[in-house]
Each structure stands twice: as C-alpha cells, then as structure tokens.
Amino acid sequence: MSSTLAKYDNFLVNNVSTISTLESSLRSVTWFLPGRFKDAELASEALSALLNVTSLYHDTLLARIVQSDPKWKPILPIPLHTRYTRAWSDKDNLYKWAARALELIRFTQLLIEMGMRRKFSNKNRWRGVLLLETIKVILRFILLRITRRPLLSPPMPERDVDPTSLPPSSIHSSPTLAPTTPSSSSPSTPDHLKNNRVPLHPSSVMLAPPPPGRSDTSVEDYLLPKALTTSSVRPSLQLVKPLMSVQDWVAEAVYILRPLIYVAMLSTRKHKDRALMSVFALELVSRNLRRLPSPSAVVERDEYARRDRDMSWYLLRGSAWESYTRPKIESIVESASTKPVIGLFSAIVKDWIPLIDEYYYCE
C-alpha cells in the first residue's frame, strides 16, 4: 500500500499541472450534470466530493514538498490565513486531524444526505443530518479548546502554490518559487552584441515630458502598498488574539451551536416553522456579542466579514426561500429562458432549484 501511495505521489508531482487542469475541468462539469439523467445529481455530487477530497490531499502533498526543500522560498507573501492555520496544524496534531475531519465532512455531507434520502425514511434522514451536525459541533469545540481563539473557515491552510505554474518535469522547480541563493554564473552576452561598438542614443520618448493631464505617481503611493504591516511581522500564532471575556466565549459558542439548533428544530415538525427565525436570532446575538477587532487584526476582521456575508444564505432557507427567493428566481429564469446565451445559464439554475427544495446541505 505504501509503495502504491509513493508511486501516486511521484506521478502527482511530475504531472501536477495536468492534474490541476483536469480537476478544474471536472469541477466545471459538475454544474451541468443535475437534471440531465436519472440520479444525475448523485453522480454530480459524488464527483464533486471526490475532487474536493483529492484536492485536499494534493494541497497537503504540495505544501510538504515546498517546505521540505530549504533552497526554495515563495516569491509572493504567504496569505495570513494560511500562515495562521498552518502554524496551528504544525504545532498541534489534534488540531490538524480535527480540522481535516471537519473539512472531509464538509466535502461529503451533501453526498451522504443524498444516500440517506434514497435508503432511509425522511425521519431517519434528519437523524443522520443531526448526527453530522453534532460531530461538526464537537470538532469545532475541539478546535476552540485548542486555540482559545475565534474559529476560521476553513480551518486548514489553503493552497498557496499555483500547481499550473509548476513545470511537469521537475518536482521542486516552480516559477512561483525562488532559490534563496542567486546563481553564481553571470548571464552570457548574446553573440550579436559582443562586437557592438555603436553607442545607444537617448530615445525621444524618454526625453519627452509627460503628456498634460497625466500626474506622476508619488513615491509614497508607490511604496505604501509594499510596506510591511504589523501582521506581516507578527508571529503566526498571534495573528488572532485569544478570547478574553465571557462575552467573547459566549458569542463564539452561540455561533458554533447555531447550525445544530437549526437542524434539531427542522427535524421536529413541532418547531419547524420557527426554525429560521430562531437561528437568525441566534446569528444576530452572536454578531452583537462578539468583540470588535482592532484595525491591525486582519485575519479576524476577514473572518467576521465572511460571517456577515454568509448571512445572505438565509434567503435560501425555510420560509424565506419558499415565499420570497424561489418565486423571484423562477420568474427571472422564466424570462431569461428565451435569450440565446443567458438561456443556457437559466436552464442550469432551473435544474438546481429542486435540489434546494429536497436537500438541507444544498442550501
């Protein structure tokens, strides 16, 4: 088994550009499959889950290759999210495996729900969804206990090496990576310039003044984006400050428990109608209780901004979806179906609307 895995690793690093292109192409195909044949949505989600899981393994392998060779370093600065999550993954094995398990569940949860809908009753399907959400809550509380900081999404470092730019014949060479020591040999002079004794006269374009209406870029405007910030020099584990007050802990706990409470209310017909308003109220409570990060806390501010944007997904849930969002989308799709190019995208959206009706994780 280990030899087979080693052969696959060698095949991956030698064909990483081709594999990345294939992943991107197959990922695009998954958007067109639903509605094309029987159980097409199951095939589409199975392909999507397989691609996500293999991409997670590929990202881990590429990061291991880059870190194993001290002669190479990234030209572009590593994203702060990647620095923070990678530091915790390297420091604590429990964090690494809990984060990986959380990502694996996120990649396969819709596929699991589709399988349960075909094999079990509706009641048992909701029990399975409730079990998945319970496991996710436990894993998030494990991450919260380890870090004692607000959770980031995703909890794993994202890919910071562009695999399409890696040459297929080399394991370690990449245009996105630069050697720490420059080459000892100086570039040779081209043959057609070796005997050139004709002086180069200044170009009229270089001597001409700038055209009117065009302002010169000041030195400060040029250097300011390249200046180091406090987050650039701060240790990776200190990019997010620990939770200090009880209010901070309550806000994070409410945010973690929110999906579990929502599924628990949906699984019982008694509280199904109040589930959306209850979970939205919990979202607002968590938002109002959380601390206000400082301007230098870039990672935490980005995470809170992502959480605020995710509140728009409530339009695809419960009564908001049934009474407002779905009629609006259906009317737009119907009016755009006669257009030559837009009609293709409207047909894709129309095929995805039943999936939002039938599956919880498709919202």
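Visitor: Is P154 buried or exposed?
Guide: P154 is buried: its relative accessible area is 16%, under the 20% cut-off. This comes from a predicted model.

Visitor: Where is P154 found?
Guide: P154 sits in the loop between α6 and β2.

Visitor: Which residues is P154 in contact with, leaving aside neighbours within four places in sequence?
Guide: Those residues are H81, T85, E103 and R106. As for T85, its C-alpha atom and that of P154 are separated by 8.7 Å, although the two residues are 69 residues apart along the chain.

Visitor: What span should α6 have, and how far apart are its ends?
Guide: With 26 residues at 1.5 Å a residue, α6 should span 38 Å, and its end C-alpha atoms are 38 Å apart, which agrees. R148 follows α6 and has a positive phi, near 55 degrees.

Visitor: On another topic, which residues touch the most other members of the largest nonpolar core?
Guide: They are V129 and Y360, in a core of 45 residues. Helices supplying at least two residues each include α4, α5, α6 and α15.

Visitor: What is V129 in contact with, beyond neighbours within four places in sequence?
Guide: V129 is in contact with E113, M116, V263, Y360 and Y361. Another core, of 5 residues, lies apart from the largest one and has L12 and I65 among its members.

Key: Residues are numbered from 1 along each chain as its sequence is written. This is a predicted model: local features need pLDDT of at least 70, side-chain atom pairs count only at pLDDT 80 or more; totals for chains, interfaces and linings use all residues. Side-chain values use heavy atoms; hydrogens and water are left out. A nonpolar core is a set of buried Ala, Val, Leu, Ile, Met, Phe, Trp, Tyr and Cys residues joined through side-chain atoms within 4.5 Å. Buried means under 20% relative accessible area, exposed over 50%, partly exposed in between (1.4 Å probe, protein chains only). Helices (H or I, at least four residues) and strands (E, at least two) are DSSP runs, numbered from the N terminus. Contact means heavy atoms within 4.5 Å. The expected span of a helix is 1.5 Å times one less than its number of residues.
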